[in-house]
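Hi everyone, thanks for coming along. I'd like to walk you through one model today, so let's get it up on the screen.

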Amino acid sequence: MTVRASIQNIDSAIAQAHGAGDFHTPFDTVNVKSRDGGYIDLFLPSGTGKSVADAINAAVAPAVEVAA
């Protein structure tokens with residue numbers, strides 16, 4: 001299955017860990033936000049969310065500073 005989404009003007013990403021439940025294993029989410037109020041949630045394997053959010057934040061930091 002393929003899902004496609006697009007978001008522009010990303011300015012931050014926030015990771016959150018989720019524990020196991022009755023019907024799922026642990027997983028992480030990364031909420032990617034845009035300056036315009038849009039967002040995308042990424043659902044990732046447990047233990048990977050913080051690294052993904054850190055990489056996104058590091059990549060967009062120079063653009064966010066220039067826009068400020």
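**A walk from strand β2**

Let's begin at T29, which sits in strand β2. Strands here are DSSP runs of E with at least two residues, helices are runs of H or I with at least four, and both are numbered from the N terminus.

Before going on, a word on what we are looking at. This is a predicted model, where local features need pLDDT of at least 70 and side-chain atom pairs count only at pLDDT 80 or more, while totals for chains, interfaces and linings use all residues. Residues are numbered from 1 along each chain as its sequence is written, and side-chain values use heavy atoms, with hydrogens and water left out.

pLDDT is the predictor's confidence in each residue, from 0 to 100. The protein chain averages 92, and 91% of the residues score at least 70. By element, confidence is highest in β2, at a mean of 97, and lowest in α1, at 87.

Back to T29. Is T29 buried or exposed? T29 is buried, at a relative accessible area of 11%; buried means under 20%, exposed over 50%, and partly exposed in between, using a 1.4 Å probe and protein chains only. The side chain of T29 makes a polar contact of 3.0 Å with that of H18. A polar contact is a pair of N or O atoms within 3.5 Å; within protein, one must be able to donate a hydrogen and the other to accept it, and residues adjacent in sequence count only if both atoms are side-chain atoms.

Now to V30. Which residues make up the largest nonpolar core? They are A13, V30, V32, L44, A53 and I56, six residues in all. Such a core is a set of buried Ala, Val, Leu, Ile, Met, Phe, Trp, Tyr and Cys residues joined through side-chain atoms within 4.5 Å. The elements giving two or more residues to this core are β2 and α1. In soluble globular proteins, nonpolar side chains tend to be buried together.

On the helix side, I56 belongs to α1, residues 49-67. Setting aside neighbours within four places in sequence, I56 is in contact (heavy atoms within 4.5 Å) with I10, A13, V30 and V32. I56 and S12 are 44 residues apart in sequence, yet 7.3 Å apart in space, C-alpha to C-alpha.

At the end of β2 we have S34; the strand covers residues 27-34. S34 is buried, at 9% relative accessible area. Beyond four places in sequence, its contacts are I7, Q8, N9, I10 and D11.

N9 lies in the segment before β1 and has a positive phi of about 60 degrees although it is not a glycine. Most residues other than glycine have a negative phi.

What about the next strand? β2 and β3 (residues 39-45) run antiparallel and are joined by seven bridges; two strands pair if DSSP finds at least two bridges between them. K33 has Y39 as its bridge partner in β3.

Last stop: the rings. F27 and F43 form a tilted aromatic pair, 6.1 Å centre to centre, with 35 degrees between the planes. Rings of Phe, Tyr and Trp (its six-membered ring) pair if their centres lie within 6.5 Å; planes under 30 degrees apart count as stacked, over 60 as edge-to-face and the rest as tilted. F27 is in β2 and F43 in β3, so this pair ties together parts 16 residues apart in sequence.
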